[in-house]
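Here is a short note for someone opening this structure for the first time. Please keep the view at hand while reading the points.

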Amino acid sequence: MTTVQFEIPCDPIAKGRPRFGNGRTYTPPETAAYESRVALYGRQAMAAQALRPMGGALFMQLEMLMPIPRSFTKAQRLAVVAGQLLPTGRPDADNLAKAVLDGLEGICYVNDAQVVNLNVKKAYSAIPKVLVWISES
């Protein structure tokens, strides 16, 4: 069973809605840049294990470690450290996951439709990042 895990050391960013202009559809620049960064770290992880894009059904786990808002009070920060306060607001977990899934397509797997089990967790962290685990089921 093939498994790859890695981290993406940056703030998790949600997949932006498609934009329309000049008679065509395009991906917002911030989303495109984030997906490129995701692809870079995915490519490095796959190369480190000399892996090719996985085929078949896949299990994927994503841990989105969100930055702690600067506006949080000391009490809120303590609640974050204790695990009592979770990021229930935007961005939505599904939009965060979609950006990572699209960024890794063709690198870690042939098509994101292969992911049959997806577990996404959002939490606050002093060091924002995305933790990725992918394995063949």
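How many of the 137 residues of the protein, in percent, count as buried?

1. **Burial and overall build.** The answer is 37%. Keep in mind that this is a predicted model. The protein has three helices and six strands. Read from the N terminus, the order of elements is β-β-β-α-β-α-α-β-β. The C-alpha trace spans about 45 × 45 × 25 Å along its principal axes.

2. **Contacts across the sequence.** Take the contacts with a separation of 6 or more. Of these, 83% come from residues 24 or more positions apart.

3. **The core.** The largest nonpolar core has 31 residues. Met60, Val100, Leu104, Val132 and Ile134 have the most contacts inside it. Helix 3 gives the most, with six residues.

4. **Valine 132.** Which residues does valine 132 touch, not counting those up to four places away in sequence? They are Val4, Gln5, Phe6, Ile8, Met60, Gln61, Leu62, Val100 and Leu104. Val100 and Leu104 are also among the core residues with the most contacts, as is Met60.

5. **Helix 1 against helix 3.** The axes of these two helices come within 8 Å and cross at roughly 55°. Helix 1 is therefore oblique to helix 3. The crossing is right-handed. On the helix 1 side, the contact is made by Tyr34, Glu35, Val38, Ala39 and Gly42. Helix 3 brings Ala99, Val100, Asp102, Gly103 and Leu104. By class, the contact has six nonpolar, two polar and two charged residues.

6. **Serine 135.** This residue lies in strand 6. Is serine 135 buried or exposed? Its relative accessible area is 12%, so serine 135 is buried, the cut-off being under 20%. Leaving out residues up to four places away in sequence, serine 135 touches Thr2, Thr3, Ala57, Leu58 and Phe59.

7. **Glutamate 105.** Look for this one in the loop between helix 3 and strand 5. Glutamate 105 counts as partly exposed because its relative accessibility is 32%, which falls between the cut-offs of 20% and 50%. Beyond its neighbours within four places in sequence, glutamate 105 is in contact with Val110, Asn111 and Asp112. Proline 53 is 52 residues from glutamate 105 in sequence. In space, their C-alpha atoms are 8.6 Å apart.

8. **A cis peptide bond.** Which two residues does the cis peptide bond join? Arginine 90 and proline 91, with omega about 0°. Proline 91 sits in the loop between helix 2 (74–81) and helix 3.

9. **Alanine 50.** Its phi is near 55°. That is a positive value in a residue other than glycine. Alanine 50 is placed in the loop between helix 1 and strand 4. With a relative accessibility of 69%, alanine 50 counts as exposed, since the cut-off for exposed is over 50%.

Note on methods:
Residues numbered from 1 in each chain as written. Predicted model: local features only at pLDDT ≥ 70, side-chain atom pairs only at ≥ 80, totals over all residues. Heavy atoms only, no water. Core = buried A, V, L, I, M, F, W, Y, C linked by side-chain atoms within 4.5 Å. Buried < 20%, exposed > 50% of the residue type's maximum accessible area, 1.4 Å probe, protein only. Helix = DSSP H or I, 4+ residues; strand = E, 2+ residues; numbered from the N terminus. Contact = heavy atoms within 4.5 Å. Axes fitted to C-alpha atoms, helices over the stretch in contact; angles between N-to-C directions. Parallel < 35°, antiparallel > 145°, perpendicular 65-115°, else oblique. Left-handed = near helix turned anticlockwise from the far one by under 90°. Nonpolar A, V, L, I, M, F, W, Y, C, P; charged D, E, K, R; others polar.
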